[in-house]
Amino acid sequence: MKSLKFLLLFVFVFGNFSVSKAVSVQLSGTVTELNGDPIPFASIYIEGSTRGTTANIEGKYLLELTPGEYKIVFRFIGFKMKSENVSIGKVPVTLNVTMLPESYQLAEVKIVAGAEDPAYAIIRNAQKKRKDYLREVEEYQCNSYVKSTQKLLSYPKKLFGQKIEIDQFVDTITNIFYLSESVSNFSFRQPDHVKEEMISSTVSGDPKAYSFNQASDMLLDCYENLVQIGNLTPRGIVSPISGSALFYYDYKLEGTFFENGVMINKIKLIPKRKNDPVFNGDIFIMDDSWRIHSLDLMISKDQQIQVIDTFRIKQNYISVDKEKWMLFNTQYAYHFNILGFNGSGIVLGIFSQYNLNPDFPKGYFDGQVLKVNKESNKRDSSYWAESRPVPLTPDEKTDYTRKDSSRVVFESKQYLDSMDKLSNKFKIANIFNGYKHTNSYQNKFYSISSFIQNLQFNTVEGWNTMIDYTYRKEWEDPMVRSFMLKPSVRYGFSNTHWNGKVETAYHYNSDRASVLKIEGGSDVAQFNANNPISPILNSMYSLLARKNYMKIYEKRYGRIEHESELFNGLKLGLASEYADRIPLRNTSTYAIASTGDRVYTSNVPLFPQNDELHFQRNESFSIEIKFRVRFRQKYIDRPEGKYILGSKYPQLQFSYLKAIPVFGSEAEYDLLKASVSDNFRVGLLGRLSYQASVGSFVRKENLYFMDAYHFNGNKTWFTSFRLTEFRNLDYYQWSTTATFLEGHAEQNFGGFLLNKIPLIRKLKLQEVAGIHYFHTERAGHYTELTLGVEKLNFIRVEVYTSFAEGKRGSFGIVIGLRRSIGL
């Protein structure tokens, strides 16, 4: 059930805050309206400083203060700001506050019928100052606190036929499935350098876990032209004060009020087209300075957000000095519904104690976006009771108490063994889908596949099947390590031949993504090692249409491979392989459907009509070295390992493959290849992905067909839409042993066009356009153009056409599931 927990977790988790250890006294109370109703998430801070907190959903707050005199400011959108003087001595102080509704004034504004609303002039002034405020503070440090509370309100009894059991993860009284708090030191330097150190972390029900909260997730910035909210929207959201905002928004001045002598304008945002990537809600802008004072915005399914139904954002800014204002708090509130799992969440981030003149040492911003200290989860409940700036709600208190007490049971050997006994029980269905055995207490996992599940057909082996046994052991100390052992046997019923191999993998350093793989035995392999057609798809086309696209040979081999990151951004891979390569011929002509005069082609890739023109059995010994380079790579450093976030620069890859005539090997050649790839947002036009490669056999004394460079072709109606895959290219016709150039690019427009068409936009389809190209001396220039629609970044339908040496080929259509999920 761990997978269920993380399925739900992806909806959102954020984070951060830092605490002084000086002797302090607690100031607490409740913020309410005149009628006594609580005002949730009101901002409370010390006047003239950035020290403060936020009330919880019940309006309760607390502040840790050293003895002295203070003026405490209470702010909330829609209510008059209130200040209270308080004297802090040696005993806790209770200060309950009642806030009055803000009365917005329009008396000074004359609105003439047909004239432009006064809000437009305010917005234009804010647009003029936008860039200034975006870059106003060159660098800063602050403390941050983030709390994420997520509830599962309802869920299906079964998912894909499997019974859902979530009692271990969701409290049946509070419905909370994830509750986490974190405290961090946060640093920033223009234009986009961030560094966060999480010093405290707690996750309800799992004291060994580290929070997934991240302070930078809370830094939504409407001073940017395009507001990015993680991967929630495919294209981002246009800021209400962006340079192009007037093309997307209408505005209405709803009123003004004064705060500390400064007039604040409340402006309602009215989307010109409700399905554009825009916000609904209100933005509050200060007069004269034209700064953002606060905002209350929302997006919904109209903005093509996935999984989430509604997403609401509230932010407040406060004065750090007489000149500058900084973000004080951010609140996200959302509702989600995926596969029948219905829930909601609130993520609250508080930023305090700003230092606008930090002295960052040279090299401080080194790509490490977040470091979670190993000791951050060792804080006890008394620490959090004293340190958290936002009081827990009764539900949150209950969740901590119940999960902490039940954790002892859920993690006990007796409980884990009893649950394993139930899940490990053999069922009739295991005959068809395989059997799995789990030892949760020792983190050991065993599985054996079903020969029925692995039943396939090809013309060489006829009907064939495979049985594999997998053993996996995991360690968390706290760095994640794992070992996998996988022996397998394969049998062809037509050629009556057995193959068997053993694969092992040891992942031993998650900080460097280090892995050692050793494998060997006997197996059948496609001539193109990228496996351009899956065995299942080949079985379908063979049995139903007598189209046996997959061409294979037998490989008796041994291989050792190692990959590891040498330092941030540079990964090195080394591999060595010995292989005895044996030609295979068709042994079966069986098919289910009648196809007239059509007969199977031979197993010879280049001569499908002649089974005699085949390669000679040969041996090969090769070594390969690969480098992957990401400049200024950003990453998260957690106790269990390193998580790569990518880079704003393209990724470079270099490989050198050398076949050496030793140990009886006949192959002798050198292949050099270099590639560049990237994946990045293109404003409102969505996301662009590309990869370009160039390679050459700089030395080719003796090589065989499987050693050639093969382009990833396709001749079926189905594809997995890998970026480097052609849609209508023969699998082996243009394989080369000469210099080659290859390029692929795809633009996902994220609904840029289809979102404007009534009815169709309800389908939330995303347009995808692509170009795929290669060049060799023999083939000349070959190009494919594609255009398709995609749903949930998962299901895609495309039409294509091709051009060879300027001559257009036929049109076609392909469908499938994206990437590795495809057939």
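**Figure 1. A nonpolar patch on the surface of the predicted model.** In this predicted model, the residues F426, I428, I431, F432, I448, F451, I452, I467, Y469, V489 and W498 form a nonpolar patch on the surface, and together they have about 1100 Å² of accessible area. Patches are made of residues with over 30% relative accessible area and no salt bridge, where like charges are joined within 9 Å and nonpolar side chains (Val, Leu, Ile, Met, Phe, Trp, Tyr) within 5 Å. Accessible areas come from the Shrake-Rupley method with a 1.4 Å probe, and for residues only the protein chains shown count as cover. At least two residues of the nonpolar patch are supplied by each of α6 (430-433) and β27 (462-476); helices (H or I, at least four residues) and strands (E, at least two) are DSSP runs, numbered from the N terminus. I428 lies in the loop between α5 (413-423) and α6, and with a relative accessible area of 61% I428 is exposed, where exposed means over 50% relative accessible area, buried under 20%, and partly exposed in between (1.4 Å probe, protein chains only).

Residues are numbered from 1 along each chain as its sequence is written, and side-chain values use heavy atoms, with hydrogens and water left out. Since this is a predicted model, local features need pLDDT of at least 70 and side-chain atom pairs count only at pLDDT 80 or more, while totals for chains, interfaces and linings use all residues.

**Figure 2. The whole protein chain.** The protein chain contains 7 helices and 43 strands. Its radius of gyration is 31 Å, close to the 28 Å that the globule rule gives for 823 residues, so the chain is as compact as a globular protein of that length; this radius is taken over C-alpha atoms, and the globule rule is 2.2 Å times the number of residues to the power 0.38. Taken along the principal axes, the C-alpha atoms of the protein chain fill a box of roughly 95 × 70 × 55 Å. Buried residues make up 51% of the 823 residues, and the protein chain exposes about 38600 Å², of which carbon and sulfur atoms supply 57%.

**Figure 3. Nonpolar cores.** In soluble globular proteins, nonpolar side chains tend to be buried together. A nonpolar core is a set of buried Ala, Val, Leu, Ile, Met, Phe, Trp, Tyr and Cys residues joined through side-chain atoms within 4.5 Å. The largest nonpolar core here has 70 residues, and those with the most contacts inside it are I229, Y249 and F279. Helix α2 (residues 119-134) gives the largest share of this core, 7 residues. A second, separate core of 22 residues includes L63, L65, F74 and I88. Leaving aside neighbours within four places in sequence, Y249 is in contact (heavy atoms within 4.5 Å) with I237, V238, S239, P240, L269, I270, K272, V278 and F279.

**Figure 4. Salt bridges between side chains.** The structure holds 44 salt bridges, each being a side-chain nitrogen of Lys or Arg within 4 Å of a carboxyl oxygen of Asp or Glu. In one of them, the side chains of K151 and D395 meet at 2.9 Å, N to O. K151 lies in strand β9 (residues 139-154) and D395 in helix α4 (residues 394-410), so the pair ties together parts that are 244 residues apart in sequence. K151 is partly exposed at 22% relative accessibility, and D395 is also partly exposed, with a relative accessible area of 30%. R699 forms another salt bridge with D670, the closest N and O atoms being 3.3 Å apart. This pair links distant parts of the chain, with R699 in strand β38 (residues 687-702) and D670 in strand β37 (residues 668-681), 29 residues apart. R699 is partly exposed, at 30% relative accessible area, whereas D670 counts as buried, at 4%.

**Figure 5. Helix α7 and its cover.** In helix α7 (residues 535-545), the buried residues are L537, N538, S539, Y541, S542, L543 and A545. What covers these buried residues includes β26 (456-458) and β27. After α7 comes R546, whose phi is positive, near 55°.
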